[in-house]
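Student: I have just opened this entry. Please take me through it step by step.

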Amino acid sequence: MSLQQAQINALRNLPVPPGLNFIDNEAVPAASGEDMPVFSPIDGTELTRLAVSGGEDMDRAVTAARRAFEAGDWARMAPMDRKKIMFRWADLIDRHALEIAVLGVRDNGTDIRMALKGEPQSAAETIRFYGEAIDKRNGEITPTRKEVLSLIHKEPVGVVGVIIPWNFPLMIGAWKLAPALAAGNSVVVKPSEEAALSTLRVIELAAEAGMPPGVLNAVNGRGAVVGEALGLHMDVDVLAFTGSGGVGRRLLEYSARSNLKRVYLELGGKSPNLVFADAPDLEKAAKETAASIFRNNGQVCVAASRLAVERPVYDDFMQMVAKEAAALKIGDPLSLEYSTGALANVAQLEKTKSAIARARGQGAEIFQGGHQIHAESGGFYHEPTILTGVHASMDVVQNEVFGPVLAARAFDSEAEAITIANETVYGLSSVLWTANLSRAHCISAKIKSGVVQINCYSGADITAPLGGVRQSGNGSDRSLHALGKYENLKSKWIQL
Ligand code: NAD
């Protein structure tokens, strides 16, 4: 059944309960009783309030998680039974998908079509993927001397701390929660204070599905306070994070200052999009180029924010991308009339505006867009913006904007294209358009990024890893490989 405006309208003005912590399967306020306002990016009004927790709340959640882990109700449950609960959880998410998606959109401004597919539906799919995998994951016997039987057991690590950002909190959250829980761990989530509401609802549904108390907990509040408390906690074994490089560095420090917990970082990117004159379908490339940077207003970690086009087709290609960008309808994310919603918060809007102003100051030209729009609504909207005349030393080339800003230029040789691809400290994703198979393979080997997309954008799914190299992070999310992040290998030697 296709999505109807009336279904959305029935949900869009429902009162939103306050965002509380979730500990031992109970919604509880912060110990201090403190909370803060949550503003809607759609019109800037106060949507609800969110608990502002402190170290005491975090300690309570980690203690509950540890107690649940040691009790073994989940950790030692037969994997087949854990799977059943994870499937029930995914079914509940699907049953409430539109309600959850609308709540999330009211909190972070992603357009409803993308939010429905990319958030609850994708989270349910991920939960099923890892639930389905866990009772098929064998231990190993190593080929050792014949007097010894040597076994490798895959054990849960214990308590996993998960810190997530505000763009796609359910999708990204599930990439961490689902393998961690499937492996038998207990989890404490620190949702982003900018978009916590849909995550809290999904965590509540896990309890309804039968997850034992203490296995999955959430603590809300400011990153610098509760995120730090989680990072420094002596009883957390692994931290899994998606967010900015600055906070990623802090998490490594927290680990060093506390118990040397393992830290997995999924950080930012400044992903290149290289278009060669022999691209098999330039129109498709232009359409996907626009989508790769302007969908969700560029608030996508793998957004291809740097475009480089081979000079013979540069002018034509830029016109095609500009046409695609102009066709996007930016506005109310809960109206099916629009294809793209609002920036998630006022800080993102200001960051976008100042990145454009700085780029102009450094010599870039505005090829298209460049302005805030719909200011009268009170919400946070900005035109898709294309900058040309950019070069490697500009901030807009080196630093993530995380807004609808594309930095474009021409290149003259394959070697120059590779130099452009690798000119930043990041290495998350890259896109390559060429009909020359040999060139595609050779260039993708030389690009320093965790993902290379050839003649497509975003074709992959939960079966394939997503992770960065260099300052884009370590330890991929997604795929069966992600399970290993939440397990320890225990070697057992038996003298025969
Ligand atoms: P952020 O780093 O500001 O915040 C992420 C989370 O960290 C939030 O929950 C926040 O509360 C918490 N936090 C903030 N300060 C903290 C501290 N001192 N200690 C512990 N936790 C703290 O990032 P954001 O603005 O929410 O998200 C945008 C960033 O995330 C961008 O850089 C983007 O590229 C990145 N991102 C990466 C991926 C990926 O898969 N690589 C996906 C999405 C977003």
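**Around the ligand**

Tutor: An oxygen atom of the ligand lies 3.4 Å from a backbone N or O atom of Gly 243. Pairs of N or O atoms within 3.5 Å are polar contacts; within protein, one must be able to donate a hydrogen and the other to accept it, and sequence neighbours count only through two side-chain atoms. This is a predicted model, in which local features need pLDDT of at least 70, side-chain atom pairs pLDDT 80 or more, and totals use all residues.

Student: Which residues come nearest?

Tutor: There are 29 residues around the ligand (a heavy atom within 4 Å), and Ile 164, Glu 193, Ser 244, Leu 267 and Glu 400 come nearest. At least two residues of this shell come from each of α8 (223–232), β10 (238–242) and α9 (245–257). Helices (H or I, at least four residues) and strands (E, at least two) are DSSP runs.

Student: Where does the ligand lie relative to the domains?

Tutor: The ligand lies between domain 1 (5–267 + 473–493) and domain 2 (272–461), because both give residues to its shell.

Student: New topic: how many aromatic pairs are there?

Tutor: The structure holds four aromatic pairs (ring centres within 6.5 Å; planes under 30 degrees apart are stacked, over 60 edge-to-face, the rest tilted). One of them joins Phe 129 and Tyr 130, which are edge-to-face because their planes stand at 90°, with centres 5.0 Å apart. Another edge-to-face pair is Trp 166 with Phe 402, at 5.5 Å between centres and 70° between planes.

Student: What does the side chain of Asn 296 contact?

Tutor: The side chain of Asn 296 makes a polar contact of 3.0 Å with the side chain of Thr 110. Asn 296 sits in the loop between α10 (282–294) and β13 (306–310), and counts as buried at 2% relative accessibility.

Student: Back to backbones: what is the phi of Leu 260?

Tutor: Leu 260 has a phi near 60°, a positive value in a residue other than glycine. Its loop runs between α9 and β11 (262–266). Arg 478, also not a glycine, has a positive phi of about 70°, and is placed in the loop between β21 (473–474) and β22 (487–495).

Student: Are those two buried or exposed?

Tutor: Leu 260 is exposed, with a relative accessible area of 66%, whereas Arg 478 counts as buried at 11%.

Student: And how far is Leu 103 from Ser 198?

Tutor: Their C-alpha atoms are 6.0 Å apart, although Leu 103 and Ser 198 are 95 residues apart in sequence. Leu 103 is part of helix α4 (residues 97–108). Residues are numbered from 1 along each chain, and side-chain values use heavy atoms, without hydrogens or water.

Key: Domains from an automatic or database assignment. Phe/Tyr/Trp six-rings, centres within 6.5 Å; stacked < 30°, edge-to-face > 60°. Buried < 20%, exposed > 50% of the residue type's maximum accessible area, 1.4 Å probe, protein only.
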